[in-house]
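Please look over the sequence and the model below.

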Amino acid sequence: MVAPVAAEPGAGGTSPATPAEVVIVLPPADGHAEEERARVRMLVERAAAEALPSGPAPVLLEPASSDALDATVEAAVRSVGASGTVCLIGADGANVVAPVLALYPAARVCLLPAGRDVVTIGTVPPLSADVDLDRLGRELGAAARAAAGQGTVMVLAGRDGMLDRRWLVGVVAGAPGPLHTVTSVEAALAFLDAQAADPLGGVVPDDDDLPFAPALPPVIVVVLDASSASAELVGPLIDRGLLVVGPRSLLVGVPDEAVVLRWRVRWDVPLTALLRRVGAGSGSSEDPAGTGPLGTEPTWEDMVVLEPGRASVAP
């Protein structure tokens with residue numbers, strides 16, 4: 001049974017972890033729509049229960065905000081000492097771990113997703129698992145382009161706590177042709193309003209750094225991440241008759257005729273494999289670094305689920 005411990009907001013944005021061999025730091029609470037936040041936490045709990053059935057129960061910490069992530073990770077590392085492991089779940093883990101290892105070189109850490117190669121500063125190489133987020137983006141972009149035809153594909157890249165920049169790069173590469181990226185609900189609606197109100201010369205606000213709306217064909221499909229901004233935007237998009245590619249957790253109740261593709265990442269699959277390596281590394285003389293082949297590595301098909309809706313168009 002996983003013992004959940006939430007980080008409380010405050011000066012440091014965190015509360016100390018209780019002693020445990022493994023502490024799992026979840027993505028910051030402000031990095032997901034509530035539906036996806038709950039789903040990721042459930043998957044983490046499932047992975048921990050399956051991979052570490054004996055010994056002290058892993059402690060879960062959730063920073064109140066992205067600003068509190070560094071302090072939360074440092075507090076967790078101090079708590080477990082050199083004998084425990086801190087696993088960072090989320091897109092920002094690789095960015096946070098280097099300065100922490102500089103302060104605590106004997107710390108044992110693991111990362112999901114890996115995102116990029118982590119420079120080893122400490123004495124124990126970080127363990128990591130990954131999901132091909134570039135491929136995920138390309139798959140979503142290709143589906144959006146097939147449904148949009150010569151129309152514009154809009155991409156909302158909000159603050160999804162699990163998706164690093166590879167996802168957006170992949171979407172753009174997978175949807176060649178008219179495409180526009182926004183980072184907020186306000187920017188998305190401003191662009192759509194400008195296209196609808198003045199198709200011959202309207203512009204969107206300069207402070208959003210958006211191009212002339214009429215310079216692009218009408219938006220047909222919008223690709224969403226799992227951020228709170230995406231959750232807020234779903235309703236207005238459907239009301240405007242637009243098609244969507246988005247996380248399944250955000251599209252519950254959306255008419256299937258408006259859905260090009262629902263997607264979800266089964267984060268528990270790579271995390272289970274990663275935590276098994278952590279467990280082996282903490283007490284196995286056969287695999288002291290936790291890097292050996294402890295079972296079959298998960299495949300893309302094991303980790304990513306794509307569900308076409310009725311608006312899907314074959315490439």
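Axes here are lines fitted to C-alpha atoms, for helices over the stretch in contact, and angles run from 0 to 180 degrees between N-to-C directions. Helices (H or I, at least four residues) and strands (E, at least two) are DSSP runs, numbered from the N terminus. The model is a predicted one, in which local features need pLDDT of at least 70 and side-chain atom pairs count only at pLDDT 80 or more, while totals for chains, interfaces and linings use all residues. Residues are numbered from 1 along each chain as its sequence is written, and side-chain values use heavy atoms, with hydrogens and water left out.

Two packed helices are described by the angle between their axes and the distance between the axes. For helix H4 (residues 133–148) and helix H5 (residues 165–174), the axes come within 6 Å and cross at roughly 35 degrees. The crossing of H4 and H5 is right-handed, a term used if the near helix is turned clockwise from the far one by less than a right angle. On H4 the contact (heavy atoms within 4.5 Å) is made by Leu133, Asp134, Leu136, Gly137, Arg138, Leu140, Gly141, Ala142 and Arg145, and on H5 by Arg166, Trp167, Val169, Gly170, Val171, Ala173 and Gly174. By class, the contact of H4 with H5 has 8 nonpolar, 4 polar and 4 charged residues. Ala, Val, Leu, Ile, Met, Phe, Trp, Tyr, Cys and Pro count as nonpolar, Asp, Glu, Lys and Arg as charged, and the others, Gly among them, as polar.

The protein has 9 helices and 12 strands. An open sheet of mixed pairing is formed by 6 strands, in the order E8-E7-E9-E10-E11-E12; two strands pair if DSSP finds at least two bridges between them. Strand E8 (179–182) and strand E12 (304–308) each have a single partner strand and stand at the edges, so one side of each is left without a neighbour in the sheet. From one strand to the next, the twist averages 15 degrees.

Within this sheet, E7 is joined to strand E9 (residues 219–224) by 5 bridges, and the two run parallel; valine 153 stands opposite valine 221 in E9. E7 and E8 also run parallel, joined by 4 bridges, and valine 155 has threonine 181 in E8 as its bridge partner. Strand E11 (residues 259–265) and E12, by contrast, run antiparallel, with 5 bridges, and leucine 261 is partnered by proline 308 in E12.

E7 is mostly covered, with 5 of its 5 residues buried, that is, under 20% relative accessible area with a 1.4 Å probe, protein chains only. Thr152, Met154 and Leu156 point one way from E7, and Val153 and Val155 the other way.

Methionine 162 lies in the loop between strand E7 (152–156) and H5. Methionine 162 is buried, at a relative accessible area of 1%. The C-alpha atoms of methionine 162 and leucine 112 are 8.5 Å apart, although the two are 50 residues apart in sequence. Beyond its neighbours within four places, leucine 112 is in contact with residues including Leu88, Ala129, Met162, Trp267 and Leu274.

Methods. Buried means under 20% relative accessible area, exposed over 50%, partly exposed in between (1.4 Å probe, protein chains only).
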